[in-house]
Protein chains: 4
Amino acid sequence: MKYNFKNDYTTGCHPNILEALVSSNLVAQEGYGEDQYCNEAIDLIKAKIDHGDSVVHLVSGGTQANLLVIAALLRPYESVIAAETAHIQVHETGAIEATGHRIQTVKSADGKLSPDGIQKQLDLFEEVHTTIPRMVYISNSTEIGTIYSCDELKALSLFCRVNDLILFMDGARLASALTSAANDVTLKDLAIYTDVFYIGGTKAGALIGEAIVINNKTLQKNFIYNMKQRGALLAKGRLLGIQFLELFKDDLFFELGNHANRMAQKISSGISDLGLSFLTPTYTNQLFPILSNVVIAKLMEDYVFFTWIKIDEEVSAVRLVTSWSTEEQAVDEFIADLKIAVGG
Amino acid sequence: MKYNFKNDYTTGCHPNILEALVSSNLVAQEGYGEDQYCNEAIDLIKAKIDHGDSVVHLVSGGTQANLLVIAALLRPYESVIAAETAHIQVHETGAIEATGHRIQTVKSADGKLSPDGIQKQLDLFEEVHTTIPRMVYISNSTEIGTIYSCDELKALSLFCRVNDLILFMDGARLASALTSAANDVTLKDLAIYTDVFYIGGTKAGALIGEAIVINNKTLQKNFIYNMKQRGALLAKGRLLGIQFLELFKDDLFFELGNHANRMAQKISSGISDLGLSFLTPTYTNQLFPILSNVVIAKLMEDYVFFTWIKIDEEVSAVRLVTSWSTEEQAVDEFIADLKIAVGG
Amino acid sequence: MKYNFKNDYTTGCHPNILEALVSSNLVAQEGYGEDQYCNEAIDLIKAKIDHGDSVVHLVSGGTQANLLVIAALLRPYESVIAAETAHIQVHETGAIEATGHRIQTVKSADGKLSPDGIQKQLDLFEEVHTTIPRMVYISNSTEIGTIYSCDELKALSLFCRVNDLILFMDGARLASALTSAANDVTLKDLAIYTDVFYIGGTKAGALIGEAIVINNKTLQKNFIYNMKQRGALLAKGRLLGIQFLELFKDDLFFELGNHANRMAQKISSGISDLGLSFLTPTYTNQLFPILSNVVIAKLMEDYVFFTWIKIDEEVSAVRLVTSWSTEEQAVDEFIADLKIAVGG
Amino acid sequence: MKYNFKNDYTTGCHPNILEALVSSNLVAQEGYGEDQYCNEAIDLIKAKIDHGDSVVHLVSGGTQANLLVIAALLRPYESVIAAETAHIQVHETGAIEATGHRIQTVKSADGKLSPDGIQKQLDLFEEVHTTIPRMVYISNSTEIGTIYSCDELKALSLFCRVNDLILFMDGARLASALTSAANDVTLKDLAIYTDVFYIGGTKAGALIGEAIVINNKTLQKNFIYNMKQRGALLAKGRLLGIQFLELFKDDLFFELGNHANRMAQKISSGISDLGLSFLTPTYTNQLFPILSNVVIAKLMEDYVFFTWIKIDEEVSAVRLVTSWSTEEQAVDEFIADLKIAVGG
């Protein structure tokens, strides 16, 4: 049997969610997100972020959340600034442009944005002849596994407020970010420092589901019409409500993020112990070790993962991803097999 | 406890689906619909429709299926013809127009389209100055519970082919249509006579899910890019695959449709036996009995359902909907309570 | 030689405009509407409407003006209410839907909207599941030659303000409307009672050009970005400025509208004198006399015009349109020829 | 009086065009591009390019032409590749994204694209998760005054055909490109080697107008519906027809391009004679000399032009643009004044 480190959506969902689906199954509910589970889940999330003014909407997936937020909050001639590595730029099939909006990309070695990088895009503005930059998109953790510190987040928030920019955080991998050993950001901080963010369920032990949290009161109006219009409002919204209720009851969300990170750290230590290096340090559930092509080929016989980028003719960085369901045994076997492959 | 006849998505899903979710939960799979369950479900559906050339895509819901199909198959200046009562016209928050396309509506007493009605819209065409009608949207069963006969379907199909129109059937309630006592259409007929149709899971015992079947080979190319671009491609596509696999394994889909229809017929007979009449005959899982406002008020104390339209100051038609999970006991109690309310 | 009564854009422009193009030709100017002619024309229009808060933008044509206004002022899930005969509904190739917005149409015998008709569309609203009606589109004169009285305009304005609807008047044929003998509306009234309207140049003696006037201050922001983004901002904006400057200097605009109306009235009287009737009374520069097919065929040998609708097997209504350049001699000959055709 | 070297649309149009507008003014014509002048102009253009299969459409401006072509020819999930300096990327207010399409940009020192640069964008393609690159946009002359050689054009054409890419040339400054001393490309070559290109009138002595030429027969269908739908079909299309008829009768178009280039070369020589250098060589009607800030400030007292980019604290490159209407006297005075400014 091959162990799978390809991504964090290879398995189903945490058993608590399955149990809740079973126990609630025959209870008749209102449709379109008006059910009791959605209501309870939203109340619970609002309590966790401690921001009574926020509104929360539950949707199916990350690309859907991104395009809904961007299309709902921007006027047609407004653009969004993002890192060159941003998911909306590299892996969403032009979803943002399909809603009519330009993405202005910033080079970034670590997948993060800073005021300096954003300022360079603002400097390109020419009245009438360019779009008006109006939103900043960041992801936390980023597409290459890095996270924002609270100071970085505050600096971005201040810069955005000064420059009339909406700060939007893609939290598809927020569970992993907030439970990183290096993290000092809380859910409450996100409610204070971003205008809108979302809490990823799909990559944190749910079957589907992202919870969009709009903190800025001026941006909340009629969001659900955009959801319905773009096919994002589920008839059986209960499916989303039940999952987020389980994830935030007893802080399962954080427990699962923590597990994924712990598994990643264990692999990371095992790799370091072998004297091998990484493309970037391991903060969250994504690791980018640098391995020889021979070792990669050997490992791929028993494990599923991506080659990320070629370093030179003989060596590449690979991507390994752990998740809520990664078993410690798989991690141990991987390290042992790597040891053999490298030693051999 | 109130019994709920408001719609056919008040409960969760058939227990078989829950069991399959549980048993498959920890099996690692490819993402984005490349998993074994999607593959098996699609193969099974293709076998059922007996049309090797069709391609099948699984998506989350009806509005999403409608906008994906229409946006993918029409050029910007092409329009879709639909009945005035069509779901895309009355209950999708302008989803079709939001993709850039006009809906041309046809008056229809029974919710169905005929060549005559379509021809009237074709007659409005003026070169350059109007959109080019290019698609016909029908739903089966319709929004008011009627169904197409095979002869009607054949006539529409022929008319569409002659007039270079794509025939698209919204099958959100296809389970109920195909198991109606009045029905003579098969899944195989749909593959032959429509260019594209979809098989509704959400209203037939699934949590979410519609299976889009594109029969016309010239319309199949790159459909999945449209799905991804509009946020309709689930990372854990397995959630859709598992459900359709269960629905079509052992023909559960038809069994559930049949159950809903049987419950509707039982209510219908009970109402007729009381000498009451209907807005339209009961063919599927939607009933439209005409009741006095006093009776309606009395019933609403114990049952949840919609008032459909006011007939006069004292009498209205209501809508009752049964589903895969409607219990016979609820039906029996409803008839008994109606008898008391009417008799009283 | 055939005289042409087909429409009001068969010839070029008023000679004053040509002279101004010639005399200004080699004066170097800023591009994109920043030239002195645009500035002067806009100042002149604002003086004529006596509404200092209005902003004015010059664009090329009517469909362009319509789609720019509607797309700029509506959010994606908002719709516009219009008469079934509205230009945006019948002759703009789905231009409004192409910007993502639904048109909700109201039946109207005279091409006009009233609060009652609009209310019927408002009644269709269902929270989340339908678009939100947010704009009312009227045209003055209408597509069938009728005009709004000041009382009708006030009633619409009040109704729109009460119902949070933007009132938008398409003034492609405003010259003819405001100079109709039956008219009691002024340019100043339009600035008070509409949120936005435009002054049609193309059908009033210009080569191209419509002046969009946005009276409601909350709707003015960044309109020019929408113009640029949709290809409506001319590099040599002077072409538009020069024309509107000529049209409003010495009230040429009204003089030309009046001429067209006078020619229409003369034809109308001639037709009435022959005992013939009309589909609708003649208020502006469009006439809809009812003629026998034999007479129509005879006239079409020497004149160009449209058959509008078939009344019965033997009789049809035709449309005759006069313009700023219609010569009285053509009118006289037409009446004489009609007399012969009818008498023969 | 200040001479204006800011751009090539500061003045009106060539006198021949004004004369033709005057002489044709009262001739009644069909609307919407069906007039005799459009027909004749299109026939003339087709004769000049010697490509009977091409279709020609006349529109108002460059941004409009670009968005029409790109939106008409791409499917929603397809993208266009362009140089980082491309007009569609830097000066069209997100017009392309507003039609739903992504621009993939290529770094380019000289504003031109080569197969190598395009290939790098093709390499980013990932099935389903990225847009499909389907068009290559080039401009000739480019935004920084360079031109394509016939060999370069052939190489691009071959590369595009091999890779199933549509080759689209923006010819807003085609007059200047084709009459450059360095040019070896003909109009006939463009018909052979591009799928679609347009001939810029606005920057070549017309008031407005670009002639879109679609050479590839598979891309021609229904283009005019896109024009109408996006507000680009003028009621008085004659305005465009008359202008292109004059521009191509007696090859005025080339004469005017040649004049602009000659004026540019004269300035260029004058600058070189003073020992000054350029950012890029002068091939067409745009020059980019490098001047000290002191000299720039001095010249700006009497001449209008742009500072293009800052080279260091004391020196910048400026942009000077000549046009069909640039007088030799202005050129001579400029050189004389520059001599004084530099010498002083």
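# A first look at this predicted model

The side chains of C:Glu152 and C:Lys112 form a salt bridge, with N and O 2.9 Å apart. C:Glu152 sits in helix H7 (residues 150-162) of chain C and C:Lys112 in the loop between strand E4 (103-106) and H6, so this pair ties together parts that are 40 residues apart in sequence. Please keep in mind that this is a predicted model. Below is a short tour, topic by topic.

**Salt bridges**

- A search of the whole structure finds 56 salt bridges over all chains.
- In the pair that opened this briefing, C:Lys112 is buried, with a relative accessible area of 14%, whereas C:Glu152 is partly exposed at 32%.
- Another salt bridge links C:Glu313 with C:Lys310, at 3.1 Å from N to O; both of these residues are exposed.
- In chain D, the side chains of D:Lys298 and D:Glu301 meet in a salt bridge of 3.8 Å. D:Lys298 counts as partly exposed, at 44% relative accessibility, and D:Glu301 is partly exposed too, with 48%.
- Chain A has a network in which salt bridges with shared partners join A:Arg262, A:Lys266, A:Glu328 and A:Asp332.

**How chains C and D fit together**

- Chain C can be laid on chain D by a turn of 180° and a shift of 0.0 Å along the axis, giving an RMSD of 0.0 Å. The two copies are thus related as by a two-fold rotation axis.
- Both copies use the same surface: 100% of the contact residues of chain C recur in chain D.
- The contact involves 45 residues of chain C and 45 residues of chain D.
- About 3900 Å² is buried between chain C and chain D, and carbon and sulfur atoms give 59% of this area. On the chain C side, C:Tyr9, C:Gln229 and C:Lys236 supply 18% of the area buried against chain D, more than any other three residues.
- Between these chains there are 2 salt bridges. D:Lys6 forms a salt bridge with C:Glu30, where the closest N and O atoms are 2.7 Å apart.
- Several helices of chain C each supply at least two residues of the side that touches chain D, among them H1 (15-24), H3 (62-73) and H11 (238-248).

**Nonpolar cores**

- The largest nonpolar core has 117 residues, and A:Ile199, B:Leu174 and B:Ile199 touch the most other members.
- Leaving aside residues up to four places away in sequence, B:Ile199 touches residues including B:Ile45, B:Leu187, B:Val213, B:Phe244 and B:Phe253.
- A second, separate core of 115 residues includes C:Phe197, C:Leu239, D:Ile138 and D:Ala191.

**Two loop residues to look up**

- B:Thr194 lies in the loop between helix H9 (187-193) and strand E7 (196-200) of chain B. With a relative accessibility of 2%, below the 20% cut-off, B:Thr194 counts as buried.
- A polar atom of the B:Thr194 side chain lies 2.8 Å from the backbone oxygen of B:Leu190, and a polar contact of 3.2 Å joins the side chains of B:Thr194 and B:Asn215.
- Not counting residues up to four places away in sequence, B:Thr194 also touches B:Leu153, B:Arg161 and B:Met169, among others.
- C:Asp123 is found in the loop between helix H6 (115-122) and strand E5 (132-139) of chain C. C:Asp123 is exposed, with a relative accessible area of 54%.
- C:Asp123 and C:Lys203 are 80 residues apart in sequence, and their C-alpha atoms are 36 Å apart in space.

Notes. Residues are numbered from 1 along each chain as its sequence is written. Chains are lettered from A and ligands numbered from 1 in the order in which they are written. This is a predicted model: local features need pLDDT of at least 70, side-chain atom pairs count only at pLDDT 80 or more; totals for chains, interfaces and linings use all residues. Side-chain values use heavy atoms; hydrogens and water are left out. Copies are superposed by least squares on the C-alpha atoms of residues with pLDDT of at least 70 in both. Contact means heavy atoms within 4.5 Å. A nonpolar core is a set of buried Ala, Val, Leu, Ile, Met, Phe, Trp, Tyr and Cys residues joined through side-chain atoms within 4.5 Å. Buried means under 20% relative accessible area, exposed over 50%, partly exposed in between (1.4 Å probe, protein chains only). Buried area is the accessible area (1.4 Å probe) that two parts lose on being put together, summed over both. A salt bridge is a side-chain nitrogen of Lys or Arg within 4 Å of a carboxyl oxygen of Asp or Glu. Helices (H or I, at least four residues) and strands (E, at least two) are DSSP runs, numbered from the N terminus. A polar contact is a pair of N or O atoms within 3.5 Å; within protein, one must be able to donate a hydrogen and the other to accept it, and residues adjacent in sequence count only if both atoms are side-chain atoms.
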